[in-house]
Each structure stands twice: as C-alpha cells, then as structure tokens.
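Please open the model in a viewer and keep the selection panel at hand.

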Amino acid sequence: MRVLVAGASGFVGRRLCPALEEAGHDVLAMTRHPAKYDGAGTAVRGDVADVGSLRDALKGAEAAYYLVHSLDSADFKRRDAEAARAFARAAADAGVGRIVYLGGLGDDDDTLSAHLASRREVERLLGETGVPVTVLRAGIVVGHGGTSWELTRQLVEHLPAMITPRWVGTRTQPIAIADVVRYLVGVLEHPEAAGRTFDIGGPEVLAYRDMLQRVAAIEGRPLVIVPVPLLSPRLSSYWLSLVTDIDVTTGRALIDSMTNEVVVRDDAIRRIVEFEPMDYDEAVLQALGERAKSRRPA
C-alpha cells in the first residue's frame with residue numbers, strides 16, 4: 001500500500017517508517033522540513049496547521065498514520081484538536097481509505113487527565129469526516145528517546161533516593177516500542193481492524209514504583225522510594241524539570257496522567273496481530289542498549 005506517516009521523524013514514526021518499508025509498503029514520510037529528513041520513505045512536506053499542505057501530502061495515499069501531538073505546549077488540547085480536524089478533512093478529500101492513530105490507555109468512565117482526554121478527543125475528531133480510523137491505545141512506551149521512558153530512566157540514574165507523590169502506586173501496562181510498531185504495521189494487513197479501537201500493552205501490569213525499582217535493579221543502582229501524600233502535580237513537575245531534562249509543561253501533563261490507571265481491558269488485538277510481546281525487563285534492556293549504541297563515536 002501507499003502509506004503516509006504523519007510524525008515520521010518522531011519517537012514512533014522514525015521506527016515505523018522503516019518497518020512499513022520492510023513489510024513492502026510505499027512510505028510517504030510527512031515532515032515540515034523535507035530537505036532535512038534522512039529517515040526511511042520518501043519525504044513529503046506537510047504541516048498539520050496547513051490543510052492545503054496536508055491535501056498535497058496525502059495525494060495517492062491509501063492509508064495514513066497519525067502520530068502527532070503537542071504535549072510540550074501549554075495549549076496542547078486546542079492545538080491537537082485543530083490539527084486532528086485538519087488532518088481528517090484532508091484525508092477525506094484525498095480519498096484515504098483508513099487512518100491509524102496511536103492514542104492512550106485509560107478507562108472511559110474514569111476522570112481522565114487533560115492529556116488522556118485530549119487523546120480521546122483526537123480519536124473522535126479523526127473519524128468525524130467518515131474515514132475509518134483504527135485506534136491503538138497504549139500506556140507507557142519503553143524505548144530510547146520516548147518521553148515517559150526517559151523520565152523513568154533519568155529518575156533512576158540521577159536519584160538514589162526520591163520522595164514521590166502517591167502516583168507511584170498507580171498501575172500501568174508498559175509496552176516495548178518494538179511491539180508498538182509491530183501492532184501498528186500489523187493492523188494495516190487486516191481489513192477487520194478498520195474502524196475499531198484496541199488496547200495494547202506488554203504482558204505485565206506494574207505500578208510506577210515497580211517500574212523504577214526494576215530499572216534500578218537492571219542497572220545495579222540503589223533506589224529508595226518514599227511516597228508522600230502532599231506533593232502536588234505542579235510541584236512534582238518542577239521537581240522533575242530539575243532532576244531530568246523533561247520540560248515543566250510536558251512533565252505536568254505526564255504527571256497528571258499518572259493518576260489514571262492505564263491497563264489493557266480488552267486484548268482483542270492479540271487475536272488479530274499474533275505475537276508474544278516482550279516483558280518489561282527485556283524492553284528496558286533493549287532501550288538501554290539502543291541508547292548505548294547511539295552514544296558511541298561515529
């Protein structure tokens with residue numbers, strides 16, 4: 001298929017594009033700066049803030065992946081909604097047969113954080129022009145360069161002891177970036193996945209505290225965690241910005257989401273895209289290995 005990837009140079013997109021090519025697809029890598037793009041696929045100019053550029057980018061595409069978000073912006077909810085509306089209109093105008101979107105886990109009957117609620121809104125907006133949307137909802141994605149993973153790794157590596165909010169006890173179901181990509185590629189091969197929403201996750205349900213302690217054990221580092229009830233999201237985000245390279249705005253959005261349990265409630269995807277996802281320790285080792293490889297001298 002001829003497939004456009006919006007967000008081709010991002011954390012997920014730069015891994016998805018070569019995987020789609022390996023699966024035999026013709027990949028259009030959408031970027032605002034095609035001349036600077038050096039990844040897999042054919043670079044095409046497109047900006048989610050410019051509907052005209054999106055129509056041009058999507059010409060001839062049979063399917064499109066939407067991997068765009070504005071989490072580092074204070075008004076991310078408005079910006080993400082406008083971008084999703086524009087992309088949905090352009091996809092419909094171009095005759096795209098399907099959109100695949102990577103969203104976030106979280107129970108619809110829970111009081112979702114602003115970040116997760118925005119992801120739900122993007123799901124709805126992408127489908128409002130009639131193009132079938134396949135949604136994959138994930139929690140923490142473990143992989144080198146991923147914001148949530150970098151937050152975990154840097155906390156462990158920078159602090160032998162930490163005072164944390166109560167969210168360290170919230171359950172999540174982390175998944176390796178390689179397995180996210182396998183699901184994203186896999187659903188394209190199955191017409192029955194069109195118009196459906198799937199939960200994706202690794203084989204283990206872990207509290208954030210467990211994830212931090214497992215990384216510390218793998219790296220051979222000491223780690224003492226002391227949860228306290230009165231550390232507000234605002235204070236937590238400033239604390240994170242001091243001990244990691246995560247900016248305050250992104251950190252606040254992530255911390256707000258950590259009060260929501262994000263686990264797989266329906267594993268229907270396992271019967272469509274069949275493979276065994278890697279466990280958390282294996283995902284961590286892959287992420288650390290990829291980071292080490294990226295830091296070697298050229």
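Begin by selecting residues 13-22, which form helix 1, together with residues 177-188, which form helix 6. In this predicted model, the two helices pack with their axes 10 Å apart and at an angle of about 45 degrees. That angle makes helix 1 oblique to helix 6. The crossing of this pair is right-handed.

Now display the side chains where the two helices meet. Helix 1 contributes Arg15, Leu16, Ala19 and Leu20, and these meet Ile177, Val181, Leu184, Val185 and Leu188 of helix 6. Coloured by class, this contact shows 8 nonpolar residues, 1 charged residue and no polar ones.

Next, select residues 76-93 for helix 3 and residues 114-126 for helix 4. Their axes lie 9 Å apart, and the packing angle is about 15 degrees. Helix 3 is therefore roughly parallel to helix 4, an angle under 35 degrees being counted in that way. Viewed as a crossing, helix 3 passes helix 4 in the right-handed sense.

To see the contact itself, show Phe76, Lys77, Asp80, Ala81, Ala84, Arg85, Phe87 and Ala88 on the helix 3 side. On the helix 4 side, they meet Ala114, His115, Ser118, Glu121, Val122, Leu125 and Leu126. By class, the residues of this contact comprise 9 nonpolar, 2 polar and 4 charged.

Ile99 belongs to strand 5, residues 98-104. Is Ile99 buried or exposed? Its relative accessible area is 0%, so Ile99 is buried. For a distance check, draw a line from the C-alpha atom of Ile99 to that of Ala57: the two residues are 42 apart in sequence and 14 Å apart in space.

Move on to helix 7, residues 208-219, and select Gln213 within it. Gln213 has a relative accessible area of 36% and is therefore partly exposed. Beyond its neighbours within four places in sequence, Gln213 is in contact with Leu223 and Ile225. Gln213 and Ile225 are 12 residues apart along the chain, and their C-alpha atoms are separated by 8.6 Å.

Where they meet, helix 7 presents Met211, Arg214, Val215, Ile218 and Glu219, while helix 10 presents Tyr280, Asp281, Val284, Leu285 and Leu288. The contact consists of 7 nonpolar and 3 charged residues, with no polar residue.

The chain has 10 helices and 13 strands. Along the principal axes, its C-alpha atoms fill a box of roughly 55 × 40 × 40 Å. The radius of gyration is 19 Å, which agrees with the value near 19 Å for a compact globule of 298 residues. Colouring by accessibility shows 54% of the residues as buried. Among contacts with a separation of 6 or more, 77% come from residues 24 or more positions apart.

Definitions and conventions. Residues are numbered from 1 along each chain as its sequence is written. This is a predicted model: local features need pLDDT of at least 70, side-chain atom pairs count only at pLDDT 80 or more; totals for chains, interfaces and linings use all residues. Side-chain values use heavy atoms; hydrogens and water are left out. Axes are lines fitted to C-alpha atoms, for helices over the stretch in contact, and angles run from 0 to 180 degrees between N-to-C directions. Helices (H or I, at least four residues) and strands (E, at least two) are DSSP runs, numbered from the N terminus. Angles under 35 degrees count as roughly parallel, over 145 as roughly antiparallel, 65 to 115 as roughly perpendicular and the rest as oblique. A crossing is left-handed if the near helix is turned anticlockwise from the far one by less than a right angle, and right-handed if clockwise. Contact means heavy atoms within 4.5 Å. Ala, Val, Leu, Ile, Met, Phe, Trp, Tyr, Cys and Pro count as nonpolar, Asp, Glu, Lys and Arg as charged, and the others, Gly among them, as polar. The radius of gyration is taken over C-alpha atoms; the globule rule is 2.2 Å times the number of residues to the power 0.38. Buried means under 20% relative accessible area, exposed over 50%, partly exposed in between (1.4 Å probe, protein chains only).
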